[in-house]
Amino acid sequence: MQRVLITGANRGIGFELAKQYVAAGDALVFAGCRKPAGAAALNDLVQHAADRLVIVQLDVNDAQSIAAATEQIAARAGALDILINNAGINPRGDHQSSHLGSLSADDVSEVITTNAVGSLIVTQACRTLLAAGDNPRVVMISSGMGSMQRTRGDSYAYRMSKAAMNMAARVLAFDAAMAGITTITANPGWVRTDMGGASAVLEPEESGAGLRDLIGGLTNEDKGKFYQYDGSELPW
């Protein structure tokens, strides 16, 4: 049985991935979220799959929370086969991290810290668990908005955060300390979730299924690559 940690699993594509892994019946899923008591959908899901789903309190910006989460996973499973760094924020509208003329250093920094730094620190904390896993894989859930070649003039903090996440994934992929652990970046596409909005073109089920197929087929030959949810490669 695969041992999978998904951060930000209480909503959006994180929840969809947790739901699909649980439904497949071949994984023990650790569903990380900041406030488990308020994660209604996850708590409902665990009622039907307590043997395959464990809700873990995990705030990617809190070192103590990360340490406690990894201890809980180690005690229950002893190792991790898949880490999906999905937790993130994407401020909308006139938020002070989005548009030139109204940018705030604090707001821009908050987005970059949550989306990029948090994912890196979680990966660092899980390295020993991953090293003990079977075909261990780290998947950074990024965005096409993090691609240098595809960028345009808006959403400064979110684009910067995902570009930084992409770089972290590339460095992890070739770090000797991560030998034997395959690290990639994946774009889930524009998904109809709270973050993606109602105008998005993909249903969560389609994106989640594509990501699971992609993750399931990864080998160390794929390390350091940037993939679309359907398995095609994206430009950095």
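User: In which loop is Ala 176 found?

Analyst: In this predicted model, Ala 176 is found in the loop between α5 and β6, the latter spanning residues 182-187.

User: Why is Ala 176 called exposed?

Analyst: The relative accessible area of Ala 176 is 69%. The term exposed requires a value over 50%. Ala 176 is therefore classed as exposed.

User: What makes Ala 68 partly exposed?

Analyst: Ala 68 has a relative accessible area of 41%. Buried means under 20% and exposed over 50%, with partly exposed in between. The value of 41% lies in between, so Ala 68 is partly exposed. This residue, Ala 68, is placed in helix α3, residues 63-77. From Ala 68 to Ser 161 there are 93 residues in sequence and 25 Å in space, C-alpha to C-alpha.

User: Why are α3 and α4 described as roughly parallel?

Analyst: The two helices α3 and α4 pack at an angle of about 25 degrees, and their axes are 10 Å apart. Angles under 35 degrees count as roughly parallel, so α3 is roughly parallel to α4. The crossing in which α3 passes α4 is right-handed.

User: How do you know that α4 is roughly parallel to α5?

Analyst: For α4 and α5 the packing angle is about 20 degrees, with 8 Å between their axes. This angle is under the cut-off of 35 degrees, and therefore α4 is roughly parallel to α5. Their crossing, that of α4 and α5, is right-handed.

User: Which helices each supply at least two residues of the lining of the second largest pocket?

Analyst: They are α4 (105-131) and α5 (156-173). The helix that gives the most to this lining is α4, with five residues. The second largest pocket has a volume of about 150 Å³.

User: How do the residues of the lining of the second largest pocket divide into nonpolar, polar and charged?

Analyst: The division is seven nonpolar, two polar and two charged. Among the lining residues are Leu 120, Ile 121, Val 171, Leu 172 and Met 178, and Leu, Ile, Val and Met count as nonpolar. The lining also includes Arg 127 and Asp 175, and Arg and Asp count as charged. Thr 123 and Gln 124 belong to the lining too.

User: What is noted about the phi of Asn 135, and why is this residue called partly exposed?

Analyst: Asn 135 has a positive phi of about 45 degrees, although this residue is not a glycine. Asn 135 lies in the loop between α4 and β5 (137-141). Its relative accessible area is 32%.

User: Why does Ser 155 count as buried?

Analyst: The relative accessibility of Ser 155 is 17%. Buried means under 20%, and therefore Ser 155 counts as buried. Ser 155 is placed in the loop between β5 and α5. Although not a glycine, Ser 155 has a positive phi of about 50 degrees.

User: What makes Gly 153 exposed?

Analyst: Gly 153 is also placed in the loop between β5 and α5. Its relative accessibility is 74%. The limit for exposed is over 50%, so Gly 153 counts as exposed. Gly 153 and Arg 170 are 17 residues apart along the chain, and their C-alpha atoms are separated by 25 Å.

User: Where does Gly 88 lie, and why is Gly 88 called buried?

Analyst: Gly 88 lies in the loop between β4 (82-85) and α4. Its relative accessible area is 15%. That value is under 20%, so Gly 88 is buried. Between the C-alpha atoms of Gly 88 and Gln 20, which are 68 residues apart along the chain, the separation is 20 Å.

Key: Residues numbered from 1 in each chain as written. Predicted model: local features only at pLDDT ≥ 70, side-chain atom pairs only at ≥ 80, totals over all residues. Heavy atoms only, no water. 1 Å grid on protein atoms, 1.4 Å probe; cavity = no way out; pocket = protein on both sides within 12 Å on 5 of 7 lines; lining within 4 Å. Points joined across faces, edges and corners; volume = space filled by probe spheres on them. Helix = DSSP H or I, 4+ residues; strand = E, 2+ residues; numbered from the N terminus. Buried < 20%, exposed > 50% of the residue type's maximum accessible area, 1.4 Å probe, protein only. Axes fitted to C-alpha atoms, helices over the stretch in contact; angles between N-to-C directions. Parallel < 35°, antiparallel > 145°, perpendicular 65-115°, else oblique. Left-handed = near helix turned anticlockwise from the far one by under 90°.
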